[in-house]
Amino acid sequence: QVQLVESGGGLVQAGGSLRLSCAASGRIVGIYSMGWFHQAPGKEREFVAAVHWINSITYYSDSVKGRITISRDNAKNTVYLQMNNLKPEDTGVYYCAIQSRGTGTYNYWGRGTQVTVSS
């Protein structure tokens, strides 16, 4: 089994910054990529960013480009999400997930960390 634990969420004013972390543990083999997703109150979960586990290629949703940076530390099995210039619409729960090689989907999920951005 694989466990993902997110941390770093909290309450921040608009324009502020937060750095989220996601640590993976357990039987971790064959990671293709790790990603972050955002679920705003009353809305569906949406893709934010992802990083390829081997070559570090990154992917971002258009709505966060220029404000958010994803990075990873393979030695620590940890992925980070640096969020700058936060907006009230960034409020919600942020989940990290693993896409295992050959699955074509994110098949392991954390429980999420709450981010609240006040205006």
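Me: How many salt bridges does a search of the whole structure find?
Reply: Quick heads-up: this is a predicted model, where local features need pLDDT of at least 70, side-chain atom pairs count only at pLDDT 80 or more, and totals for chains, interfaces and linings use all residues. Residues are numbered from 1 along each chain as its sequence is written, and side-chain values use heavy atoms, with hydrogens and water left out. A salt bridge here is a side-chain nitrogen of Lys or Arg within 4 Å of a carboxyl oxygen of Asp or Glu. Searching the whole structure with that rule turns up two.

Me: Are K65 and D62 buried or exposed?
Reply: K65 forms a salt bridge with D62, and their closest N and O atoms are 3.3 Å apart. Buried means under 20% relative accessible area, exposed over 50%, and partly exposed in between (1.4 Å probe, protein chains only). By those cut-offs, both K65 and D62 are exposed.

Me: Which residue forms a salt bridge with R67?
Reply: Both partners in this pair are buried. R67 sits in the loop between β6 and β7, and its partner is 23 residues away, in the loop between β8 and β9. (Strands are DSSP runs of E, at least two residues, numbered from the N terminus.) With the closest N and O atoms 2.8 Å apart, the partner is D90.

Me: How far apart are the sulfur atoms of C22 and C96?
Reply: A disulfide is a pair of cysteine sulfur atoms within 2.5 Å, and the count by this rule is one. C22 lies in strand β3 and C96 in strand β9, so the pair ties together parts that are 74 residues apart in sequence. C22 and C96 are both buried. Their sulfur atoms are 1.8 Å apart.

Me: What is the relative accessible area of Y59?
Reply: F47, I57 and Y59 form a nonpolar patch on the surface, with about 260 Å² of accessible area together. Such patches use residues with over 30% relative accessible area and no salt bridge, with nonpolar side chains (Val, Leu, Ile, Met, Phe, Trp, Tyr) joined within 5 Å and like charges within 9 Å. Accessible areas come from the Shrake-Rupley method with a 1.4 Å probe, and for residues only the protein chains shown count as cover. Y59, in strand β6 (residues 58-60), is partly exposed, at 41%.

Me: What is phi of N85 near?
Reply: Most residues other than glycine have a negative phi. N85 is in the loop between β8 and β9, and with a relative accessible area of 44% this residue is partly exposed. Phi of N85 is positive, near 50°.

Technical notes. Helix = DSSP H or I, 4+ residues; strand = E, 2+ residues; numbered from the N terminus.
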